[in-house]
Amino acid sequence: MSWVCVSGYFDPFHVGHLEYLQKAKEIGGKLVVIVNSDAQAVLKKGKFFMPAAERCKIIAALKCVDMVVESIDKDRTVCETLRTMEPKPEFFCNGGDQNNNTIPEGSVCQERGIELRDGFGNKIQSSSWLTGRAARPVFSEQPTERRNILALFDVDGTLTPSREKITMEMKQFLATLRTKVVTATVGGSDFAKQKEQLGDPQAQFDYAFAENGLTAFKGHESLNDTAMKDHLGEERLRALINDLLSYLAATNVPVKRGTFIEYRNGMLNVSPIGRACSREERNDFETWDKQSKCRETMVAHFRDKYPDLQFSIGGQISFDVFPKGWDKTYCLQFLEGFDEIHFFGDKTYVGGNDHEIYEDDRVIGHTVTSPEVTLEICNKLW
């Protein structure tokens with residue numbers, strides 16, 4: 001379960017702080033609050049209104065708070081506290097009046113792999129306003145809310161290079177995008193593999209769909225968990241696997257390793273080279289496959305033989321097998337009520353595992369060729 005960290009003086013604590021903490025808690029399982037010390041309060045404003053011990057006690061009593069830490073820093077930052085904090089938080093969140101591009105804690109977060117988030121709660125109250133040290137400004141208009149638009153992203157080749165981890169730049173971009181529109185991710189891999197690549201999809205996105213939505217979450221709430229073996233039955237599934245293995249055994253691939261068929265909850269993932277290949281072997285196979293059309297030929301053969309099953313090429317070295325209708329359009333049943341749904345994927349061509357959802361009338365499809373192109377298109381849209 002991921003830890004979310006926030007910090008502040010909370011001197012005194014008010015309703016704006018409460019909104020900030022509650023919204024931060026929503027993106028993870030546990031919330032830790034760093035409270036700036038009395039010495040830091042003196043550095044900032046010449047005195048403290050309420051002792052740090054009392055501020056810590058009040059905040060610790062809140063239902064949304066799991067742990068409170070008083071800052072050990074000697075300056076006005078919480079850099080050293082973040083650097084030494086255990087357990088290491090997954091996220092460091094700032095309120096609606098802060099910007100992650102300018103905060104001094106940014107370098108420490110990058111060093112420890114802590115994702116920065118901002119925009120949590122609007123500035124509806126201020127300790128300075130309450131204590132009379134500053135006048136409350138007059139707002140000409142209310143802050144805008146997120147648009148009722150969904151940005152739905154494939155993983156491999158769209159948010160990350162194939163089978164590699166998401167970059168901090170992409171994490172930061174997605175966090176900012178989520179303040180503007182609703183975000184979701186959908187991939188053919190199982191949820192464990194998505195977590196390896198993305199970190200914590202349930203906290204990073206509003207919706208997370210593994211195996212095309214057969215495993216589905218809205219935040220931390222489970223929406224669906226469906227298994228292919230229950231749909232096909234053990235006897236037919238065994239016959240299909242034996243048939244695939246026989247074909248693979250007769251296929252002349254330059255290099256063969258291990259794990260040629262991987263059973264997932266909602267599909268079979270079939271790899272002529274084997275998923276145990278190295279990164280270099282994976283890249284070499286992809287180049288060879290484009291020339292030999294190994295996967296394309298194999299998929300065409302089995303499509304004719306099993307007309308009720310879908311065979312879709314994805315990634316660099318494999319293709320997926322699943323019942324028809326269990327492609328990425330499967331997740332759309334959980335995504336009703338949006339004004340627009342924008343899908344971003346790299347395998348949108350016929351036979352690719354993004355093709356069906358890309359062509360679906362319920363979505364606006366965008367073809368990308370890399371995570372960098374994903375960023376470029378999104379920046380133009382929003």
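Which residues of α7 are buried? They are M170, K171, F173, L174, A175 and L177. Buried means under 20% relative accessible area, exposed over 50%, and partly exposed in between, with a 1.4 Å probe and protein chains only.

This is a predicted model, in which local features need pLDDT of at least 70, side-chain atom pairs count only at pLDDT 80 or more, and totals for chains, interfaces and linings use all residues. Residues are numbered from 1 along each chain as its sequence is written, and side-chain values use heavy atoms, with hydrogens and water left out.

**The chain**

The chain holds 15 helices and 16 strands. Helices (H or I, at least four residues) and strands (E, at least two) are DSSP runs, numbered from the N terminus. The C-alpha trace spans about 80 × 40 × 35 Å along its principal axes. Of the 382 residues, 55% are buried. Take the contacts with a separation of 6 or more: residues 24 or more positions apart account for 65% of them. Contact means heavy atoms within 4.5 Å.

Helix α7 (residues 168-177) packs against helix α15 (residues 371-381) at an angle of about 25°, and their axes are 11 Å apart. Axes are lines fitted to C-alpha atoms, for helices over the stretch in contact, and angles run from 0 to 180 degrees between N-to-C directions. The two helices are therefore roughly parallel to each other. That term covers angles under 35 degrees; over 145 is roughly antiparallel, 65 to 115 roughly perpendicular, and the rest oblique.

On the α7 side, E169, M170, F173 and L177 make the contact; on the α15 side, P371, L375, C378 and N379 do. By class, this contact has six nonpolar, one polar and one charged residues. Ala, Val, Leu, Ile, Met, Phe, Trp, Tyr, Cys and Pro count as nonpolar, Asp, Glu, Lys and Arg as charged, and the others, Gly among them, as polar.

**Cysteines**

How many disulfides does a search of the whole structure find? It finds zero. A disulfide is a pair of cysteine sulfur atoms within 2.5 Å.

| Cysteine | Nearest cysteine sulfur | Distance |
|---|---|---|
| C5 | C109 | 8.0 Å |
| C56 | C5 | 13 Å |

C5 is buried, at a relative accessible area of 0%. C56 is buried too, at 13%.
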